[in-house]
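This briefing sets out the main features of one protein model for a reader who has the sequence and coordinates at hand. The topics follow one another from confidence to individual residues.

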Amino acid sequence: MVLTIPEGLSIHDLFSPNKSLEDLCRTPNRPLGAFSDFVVKRLPFILADSDCKEILPQAIEQTIPVSLPVLSDDAVRLAHLDVQMAVQSLLRHEFPKGKHLQSLATQLAQRSGQTNIITYSALIFDNPTSDPRTFTQGVAGLAELSFYTLHGLIEAQLSDAVRSVRFTLSTHYFERLEQARASLEKAQSLMHCFDKLTSAYFAAFRQYLFAHDGFTGPSGVFSPGFRQLDTLLLGEPVDLDKLTDDLNAGYFPDRKDIADTIAHVRQWGSLFNLAQQKPILGKSMGAILTANLDLRRDHYAQIRRLIPGIIENSMAGTSGDQRPNVLLTDRMRRYSEAIRSLTA
Ligand code: HEM
């Protein structure tokens, strides 16, 4: 997984109103040839123009490959993203997917070991920073790219925290928890970079991120970092079982990492279990749970600012969840309770 800021941009340029996606210097990465070219270069412009949307099915039809070429594993995953972006665009504007596109989508989902929908993983981990895919263009396009990039940067910090907690659980070398806490604090400071995202630019691309056909849509619900940390820190059977189900359903293509975490918690227990056995550790473990809770609270504040309808449960989450605030507050409540019981 390569999680970097696109070349030529700095962290300060993310969400800049003075920069545009078209300023980006690209190195083309187009596994499906003309079709990938279409997704990168034309799709955002067609979607931006209300008069042009009618031509969408025809424009897709003209470039769609007759059959799939031989592709490397990475190229299959990027091709999956390209095809799923076309599917989301068609469905959003109430056009049918078309049998051929549907068949390519099914084949690519199978070949990439993923579920047959645009996934969080595809948007954040498979979307190349050197040749990004977005639904929007111009300044809005840069905001969309910034949204995905920032998720990736935060995931990198969460992944470091996951490694530190796993190490602590199997070695009982508790000093390593300090590193996990520092990673979570860095993630928290990155979460503040979303402050520059406006509701209008967010809404412009969020409309293309939705659930359909009985699949769960692209959502932070599938953040591998958060999901592994919840399991490693709290270790509740419900988290372990749900993570195992989502892994098997193809929502996490980087299977090994998640499977290792599940195995780790089944073998060593969670940090919360450990702290209950060793009360002397309550304070340092409370600190890491607090860092996670603080990060979640800042996440919640961004949601309240950008999409208050989620907090009121009057809007569905991109996952398709009809009562997303219940999910969000439940996670924070569980962390608060665990902290209280460790520090009491
Ligand atoms: C401005 C930035 C963000 C917004 C507006 C946002 C929005 C949302 C919304 C509306 C939900 C509710 C469920 C759903 O939509 O399906 C959600 C859930 C979630 N998001 Fe985000 N999100 C943002 C950033 C992030 C980042 C950077 C991550 C992790 C890298 C993340 C991870 C999660 C997780 C793990 C959940 C499930 C609930 C939980 O465990 O707390 N989100 N997000």
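Where is the place of A344? A344 is found in the segment after α15, where helices (H or I, at least four residues) and strands (E, at least two) are DSSP runs numbered from the N terminus. The model is a predicted one, in which local features need pLDDT of at least 70 and side-chain atom pairs count only at pLDDT 80 or more, while totals for chains, interfaces and linings use all residues. Residue numbers start from 1 along each chain as its sequence is written.

**Confidence**

- The mean pLDDT of the protein is 95, and 99% of its residues reach 70 or more; pLDDT is the predictor's confidence in each residue, on a scale from 0 to 100.
- Helix α12 (residues 271–277) has the lowest confidence, with a mean of 90, whereas helix α8 (residues 199–206) has the highest, at 98.
- Where pLDDT is low, predicted coordinates should not be read in detail.

**Domains and their contact**

- The protein is divided into domain 1 (22–113) and domain 2 (138–343), with bounds that come from an automatic or database domain assignment.
- The centres of domain 1 and domain 2, taken over C-alpha atoms, are separated by 30 Å.
- Domain 1 brings 9 residues to the contact and domain 2 brings 7 residues, two residues being in contact if their C-beta atoms, placed from the backbone, lie within 7 Å.
- On the side of domain 1 that touches domain 2, helix α3 (residues 73–92) gives the most, with 5 residues.
- By class, that side of domain 1 has 2 nonpolar, 4 polar and 3 charged residues; Ala, Val, Leu, Ile, Met, Phe, Trp, Tyr, Cys and Pro count as nonpolar, Asp, Glu, Lys and Arg as charged, and the others, Gly among them, as polar.

**Nonpolar core**

- The largest nonpolar core holds 78 residues, of which V83, V165, L229, L232 and L233 touch the most other members.
- Helix α6 gives the most to this core, with 12 residues, and the core draws at least three residues from each of domain 1 and domain 2.
- Such a core is a set of buried Ala, Val, Leu, Ile, Met, Phe, Trp, Tyr and Cys residues joined through C-beta atoms within 7 Å.
- A residue is buried if 20 or more other C-beta atoms lie within 10 Å of its own, exposed if 12 or fewer, and partly exposed in between, with C-beta atoms placed from the backbone.
- Leaving aside neighbours within four places in sequence, V83 is in contact with L101, L104, A105 and L108.

**Ligand shell**

- The shell around the ligand has 26 residues, and S219, G220, F226, G317 and S319 come nearest; a residue is near a molecule if its C-beta atom, placed from the backbone, lies within 6 Å of it.
- At least two residues of this shell come from each of α6 (138–171), α9 (224–233), α13 (282–306) and α15 (324–343).
- Helix α13 supplies the largest share of the shell, 5 residues.
- The shell is made up of 12 nonpolar, 10 polar and 4 charged residues.

**Residues with positive phi**

- Most residues other than glycine have a negative phi.
- F15, although not a glycine, has a positive phi of about 65° and lies in the segment before α1 (34–48).
- F15 is buried, because 23 other C-beta atoms are within 10 Å.
- D213 also has a positive phi, near 55°, and is located in the loop between α8 and α9.
- D213 counts as exposed, because it has 11 C-beta neighbours inside 10 Å.

**Selected positions**

- L177 lies in helix α7 (residues 177–191) and is buried, because 21 other C-beta atoms are within 10 Å.
- Apart from its neighbours within four places in sequence, L177 is in contact with S164, T168, S284 and I288.
- P324 belongs to helix α15 and counts as buried, because it has 23 C-beta neighbours inside 10 Å.
- With neighbours within four places in sequence set aside, P324 is in contact with I310, N313 and G317.
- A344 counts as exposed, because it has 7 C-beta neighbours inside 10 Å.
- The C-alpha atoms of A344 and K97 are separated by 56 Å, and these residues are 247 residues apart along the chain.
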